[in-house]
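Open the model in your viewer and keep the selection panel at hand. Each stop below says what to select next and what is there.

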Amino acid sequence: MSAHTVKGVVARGKGQPVELVTIHVPDPGPGEALVQVQACGVCHTDLHYREGGINDDFPFLLGHEAAGVVEAVGEGVTTVAPGDFVVLNWRAVCGNCRACDRGEPWYCFATHNATQKMTLEDGTELSPALGIGAFAEKTLVAAGQCTKVDPSARAAAVGLLGCGVMAGLGAAINTGAVTRGKSVAVIGCGGVGVAAVAGSALAGASPIIAVDIDPKKLEAAQRMGATHTIDSSQVDPVEEIKRICAEVYRGADGADVVVEAVGRPETWKQAFYARDLAGTVVLVGVPTPDMKVPDLPLIDVFGRGGSLKSSWYGDCLPSRDFPMLVDLYRQGRLDLDAFVSEEIGIGDVEAAFEKMHHASDGQSVLRSVVVL
């Protein structure tokens, strides 16, 4: 098969700055699709890959939160065709595993990726981030990783459904089962946390309490539907969440649903103790393998009841959720444009990572989006 020569952003080793290099992308084989990438968000998960926090299968072709146009498909592909505008996803369900068989494909245990490998010029095989690798002019994915959506939508905005925005929205609506009449607290208001706020507002929850130490992030959360904000560097967030909920609902001892969007033991413990009796904690922030929750009495786990959940990709089913959310975006009911803090070039990914490290220096962003 022939190969396409394109530019892509590669991480060669742990902690090393990323490089913009020439890569080779094969024509699609059976079950695969070649996608011309139009936009790709810079997600913390890409930074985790660069730092070796996911695994050590370097070199990585980074980028996974993307939208683009299908250029070609391989044998047997019927779900998408050349010319389709698609959002890429990393949950291409298999249809055959035990989760799919029991009617819960959003938990699919055997998701598909492309079989062929993209490579460096010298033939070194690349590991695409989350099976996608979209910091590139073109990428090769499993056809099931392409979800067709309305082509009139802005690629830089709807591409964010490919990871962070869907993770946050789904953590609230799908995993946390947020509905009208429920109180919600979201700890950590980066892109994922603000999306959880937006999802809670979309579902009609109240109050919606946003917690962070960055005033700009709290402002963003308020714009997306937070009814209250808490600067946890100034007050005890657990006590403040309890106070706010008790003011709204007599006898409440915390929020019905607390979404933890940081992925650290200390903030998870805050979420645990900030939920009401029989409430739900949803962990959507991604911890590193070494993190543990110390000193959590088992009697407290038992005594508070409710549930402690982790949210994988917002427990979404892309074929169901992406088109619906794009329709809400087009109707003006879900402001995906608000998540796009800046549009950057493909050579600016390392600078975007630096902004993640220096959010406290006034460089706070929800998402930098590479536009190709």
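## Stop 1: strand β3

Select residues 32–41, strand β3. This strand is mostly covered, with eight of its 10 residues buried. Buried means under 20% relative accessible area, exposed over 50%, and partly exposed in between, with a 1.4 Å probe and protein chains only. Strands (E, at least two residues) and helices (H or I, at least four) are DSSP runs, numbered from the N terminus.

A word on the source: this is a predicted model, in which local features need pLDDT of at least 70 and side-chain atom pairs count only at pLDDT 80 or more, while totals for chains, interfaces and linings use all residues. Residues are numbered from 1 along each chain as its sequence is written, and side-chain values use heavy atoms, with hydrogens and water left out.

Two strands pair if DSSP finds at least two bridges between them.

- Select 65–73, strand β5: eight bridges join this strand to β3, and the two run antiparallel. A33 stands opposite V73 here.
- Select 138–142, strand β9: five bridges join this strand to β3, again antiparallel. Look for E32 opposite A142.
- Select 368–371, strand β18: three bridges join this strand to β3, also antiparallel. C40 stands opposite V370.

Strands of a sheet pair through backbone hydrogen bonds, either parallel or antiparallel.

## Stop 2: a five-stranded open sheet

Select β7, β2, β1, β4 and β8. In that order, these five strands form an open sheet with mixed pairing. β7 (119–120) and β8 (127–128) stand at the edges with a single partner strand each, so one side of each has no neighbour in the sheet.

Zoom in on β2, residues 19–26. Two bridges join β2 to β7, and the strands run antiparallel. H24 has T119 of β7 as its bridge partner.

## Stop 3: aromatic rings

Rings pair if their centres lie within 6.5 Å, using the six-membered ring of Trp; planes under 30 degrees apart count as stacked, over 60 as edge-to-face and the rest as tilted. How many aromatic pairs are there by this rule? The count is six.

Select W90 and Y313. Their rings are stacked, at 4.1 Å centre to centre and 10 degrees between the planes. W90 lies in the loop between β6 (85–88) and α2 (98–101), and Y313 in the loop between β16 (307–310) and α10 (318–330), so the pair ties together parts that are 223 residues apart in sequence.

Is Y313 buried or exposed? Y313 is buried, with a relative accessible area of 2%. W90 is partly exposed, at 21%.

Keep Y313 selected and show its contacts (heavy atoms within 4.5 Å). Not counting residues up to four places away in sequence, Y313 touches a set of residues including L88, R91, L161, C163, M166 and F322.

Next, select Y49, F58 and F60. Ring pairs link these residues into a cluster.

## Stop 4: two cis peptide bonds

Stay on F58. A cis peptide bond joins F58 and P59, with omega about 0 degrees. P59 lies in the loop between α1 (44–50) and β4 (60–61).

Then select S206 and P207. A cis peptide bond joins them too, with omega about -5 degrees. P207 sits in the loop between α5 (191–203) and β12 (208–212).

## Stop 5: helices α4 and α10

Select 164–175, helix α4, together with α10. Their axes come within 12 Å and cross at roughly 105 degrees. Axes are lines fitted to C-alpha atoms, for helices over the stretch in contact, and angles run from 0 to 180 degrees between N-to-C directions. The two helices are therefore roughly perpendicular to each other.

Show the contact residues: M166, L169 and N174 of α4, with R320, D321, F322 and L325 of α10.

## Stop 6: positive phi

Select A177, in the loop between α4 and β11. Phi of A177 is near 55 degrees, a positive value in a residue other than glycine. A177 is partly exposed, with a relative accessible area of 35%.

Finish at D315, in the loop between β16 and α10. Phi of D315 is near 45 degrees, also positive in a residue other than glycine. D315 is buried, with a relative accessible area of 5%.

Definitions and conventions:
Parallel < 35°, antiparallel > 145°, perpendicular 65-115°, else oblique.
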